[in-house]
Amino acid sequence: MTALRFDPIRLPPECEELRKQVRAFLAEEIAAGTFNPFQPLREDADAREFSRRVGERGWIGMTWPKQYGGHERSFLERYVVTEEMRVANAPVRRFFVADRQSGPILLRYAPEHIKMDILPRICRGELCFAIGMSEPNSGSDLFAAKTRATKTEGGWLINGSKIWTTSAHMADYMIAIFRTSPSTKENRRHGLTQFLVNMKSPGIKVNPIGQITGQKEFNEVVFTDAFVPDDHQLGEIDGAWKQATSELAYERSGPERFLETYYVLTELVRAVGPDPDTRSAEGIGRLVAQLHAMRRMSVSVAGMLQAGKEPVVEASIVKDVGTVWEQQLPHRVRDLAAFVEQDAGNRETLENQLTFAIRTAPKLTIQGGTTEVLRGIIARGLGLR
Amino acid sequence: MAEAENIVVATAERIFADLADPQTINHDKDGRWSAPLWQALSDAGLPLAWVSDALGGAGADVADGFAIINAAGRFALPVPLAETLLAGWLLQQAGIAAPEGPMTIAPASPRDRIALNADGTLSGRARGVPFATGAGHIAVLAQDDDGLSIALVDAARLRIDKGLSLANDPSDTVTFEKVTPHAISRAPAGFDKDSLMLMGGVVRSLQIAGALDQLLEISVRYAGERVAFEKPIGKFQAVQHNLARLAGECAAAGAAATSAADAIARGGAFDDAIFLEAASAKIRSAEAAEKGAAIAHQVHGAIGFTTEHILHRFSLRALAWRDDFGSESHWAVALGQRVAARGADELWPLVASR
């Protein structure tokens with residue numbers, strides 16, 4: 001067993017300058033009415049223009065090469081932008097998936113002309129991506145996927161369906177895995193290939209699915225002879241399983257993995273006022289300590305990514321501990337708010353937020369790799385599997 | 001924490017490995033291991049690493065001292081190395097020369113107070129003072145109306161009522177009855193009564209983090225060896241997931257403790273940012289000790305509940321160290337009050353400043 005190390009990485013001075021710029025930008029957007037930071041449940045209708053303005057600032061594709069529209073800045077700078085957007089409840093959904101996951105996959109596996117076409121548009125905040133992983137009969141068991149890509153003249157025909165696909169209804173592209181061969185006895189992960197899919201192409205139907213939060217973020221996506229050209233194949237035929245692991249560290253360790261319900265903590269502090277009773281003070285103190293420890297772990301992983309490492313186990317730990325924390329947070333805040341003055345000025349805001357956060361909580365330990373999957377990965381890292 | 005990245009830490013780890021093997025200590029009922037261990041540590045200058053050359057110490061970096069303490073936690077070291085380091089650090093703040101031999105610190109709890117009397121003597125009671133039994137001297141933080149003073153007191157002049165910690169290490173009540181200190185000086189500007197407790201809390205957090213690393217390692221090893229239902233118990237998903245949770249607690253305690261140590265080692269005043277770092281380290285590592293020790297014992301089953309097995313050396317110390325220099329409850333209240341006083345919109349800027 002190799003010891004876990006979370007070195008005390010500090011954000012360099014350029015990050016603090018950037019943080020000021022991001023805060024000023026978000027304050028302007030809030031003042032202009034683009035979004036309400038106290039209202040996490042919202043429609044995305046206005047986010048298209050917001051995405052373009054974020055792109056104009058150079059805050060999408062920050063770490064990517066300049067030749068593709070990127071800005072060649074550090075993972076730590078990207079970290080600052082991500083956490084400030086998240087804490088402000090900014091409507092990032094339209095561009096965030098492409099920024100975090102899809103862009104890096106394209107950078108690594110797409111042919112040059114595709115990279116030159118798509119990556120700059122992502123950086124400008126013009127494109128929305130979805131991820132096609134889960135299917136009706138394969139969720140955490142990714143390698144049980146059945147939706148087929150069948151070879152045809154000049155490309156592939158896709159048949160089957162993906163499900164729980166966040167943002168598919170507004171996505172321009174999806175990066176998905178499809179079955180190109182059966183799995184083998186020796187390797188049940190064999191036979192899946194990663195593709196870039198233009199969501200505007202014929203044969204793709206997106207059906208919205210209502211969620212218990214009241215949102216309709218995720219969808220069923222049905223493919224009927226949908227055509228994907230040869231140059232949209234990403235990486236090795238039948239070899240998607242080799243490509244899946246390295247991106248996990250990006251996906252799993254960011255500030256979005258423990259800040260999704262953060263807003264209720266801010267409002268609790270506002271509700272208890274400057275001189276809280278002992279119970280409230282202790283509860284807030286513990287939550288802040290836990291938050292600080294989480295963030296220090298997460299920044300440490302960002303430092304490892306910046307150093308060119310692939311901290312898959314450490315990233316899985318951050319997501320496991322972080323998502324369990326953000327899932328419990330609204331319930332702890334509810335406990336601590338039980339004796340808040342009935343006439344506290346922000347009582348209604350806090351109650352509305354708690355309703356939404358408590359409805360959101362169950363998904364946090366499911367999306368992007370369940371707690372069970374993460375603990376399996378950690379156990380493998382410990383040498384138990 | 002950095003493992004053996006420099007000569008000081010490498011030396012400490014070698015001495016611990018040679019002379020503080022937990023298995024050997026656990027079976028030596030007569031304590032024969034103790035004197036050679038302390039002698040080797042002293043010969044290497046480790047107990048006074050945080051005291052400058054001019055004041056009789058080794059003058060090591062603050063970061064090195066923290067790394068030694070973290071390593072001591074990994075060995076559940078049952079000698080007052082951390083306490084002597086901390087006493088030396090306190091004396092150094094006031095420019096008082098450090099004596100040879102084991103030392104400890106009073107008070108060791110934010111609830112106790114030692115008074116500096118008008119005649120220059122000290123009065124008061126400090127509870128739960130680690131290793132007062134066996135200490136030659138005690139470094140004291142004393143208060144009068146004019147502020148804080150730091151004093152060095154000969155332990156023979158004090159009434160020491162013996163007690164034991166959860167892990168059976170000395171945890172004594174020390175009574176000062178108009179005691180004349182060996183040396184005394186005003187605490188420097190910016191040094192307040194929280195400073196010692198925060199520093200002590202970070203020391204304990206690093207020890208807890210070290211002990212948790214060891215709890216994880218021996219639990220993973222045991223899960224690979226122990227066969228039940230015809231396979232190693234580490235092959236059962238329930239056990240794997242418990243160990244993954246233990247790894248998460250280790251990570252959180254380690255990240256919080258090393259971050260706080262790094263913040264202090266970089267220097268500067270004990271401001272709100274250091275307060276957040278140090279208080280969070282103590283709170284989070286103490287919470288991790290509770291969860292982590294429970295999992296390590298669950299994995300070991302009955303054998304881990306015996307005095308014969310070394311598990312308790314780590315689990316009980318991790319739990320015992322929660323109590324010193326302010327419990328997690330104490331620091332949570334203090335941190336919560338500070339956060340509330342700053343106001344809701346100043347919480348994120350504080351967290352993000354680290």
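Two exercises follow, each with a worked solution. This is a predicted model, where local features need pLDDT of at least 70 and side-chain atom pairs count only at pLDDT 80 or more, while totals for chains, interfaces and linings use all residues. Residues are numbered from 1 along each chain as its sequence is written, and chains are lettered from A and ligands numbered from 1 in the order in which they are written.

**Exercise 1.** Work out how many helices and strands chain B has, and what share of its residues is buried.

*Solution.* Start with the elements: chain B has 11 helices and 10 strands (DSSP runs, H or I of at least four residues for helices and E of at least two for strands, numbered from the N terminus). Then turn to burial: 55% of the 354 residues in chain B are buried (20 or more other C-beta atoms, placed from the backbone, within 10 Å of a residue's own).

**Exercise 2.** Describe how helix 8 and helix 9 of chain B pack.

*Solution.* First, take the geometry: helix 8 (residues 272-300) and helix 9 (residues 311-320) of chain B pack at about 160°, their axes 9 Å apart (axes are lines fitted to C-alpha atoms over the stretch in contact, and angles run from 0 to 180 degrees between N-to-C directions). That makes helix 8 of chain B roughly antiparallel to helix 9 of chain B (an angle over 145 degrees). Next, find the residues: helix 8 of chain B brings, among others, B:Ala289 and B:His300 to the contact, and helix 9 of chain B brings residues including B:Leu311 and B:Leu319 (contact means C-beta atoms, placed from the backbone, within 7 Å).

Note on methods:
A residue is buried if 20 or more other C-beta atoms lie within 10 Å of its own, exposed if 12 or fewer, and partly exposed in between; C-beta atoms are placed from the backbone. Angles under 35 degrees count as roughly parallel, over 145 as roughly antiparallel, 65 to 115 as roughly perpendicular and the rest as oblique. Two residues are in contact if their C-beta atoms, placed from the backbone, lie within 7 Å.
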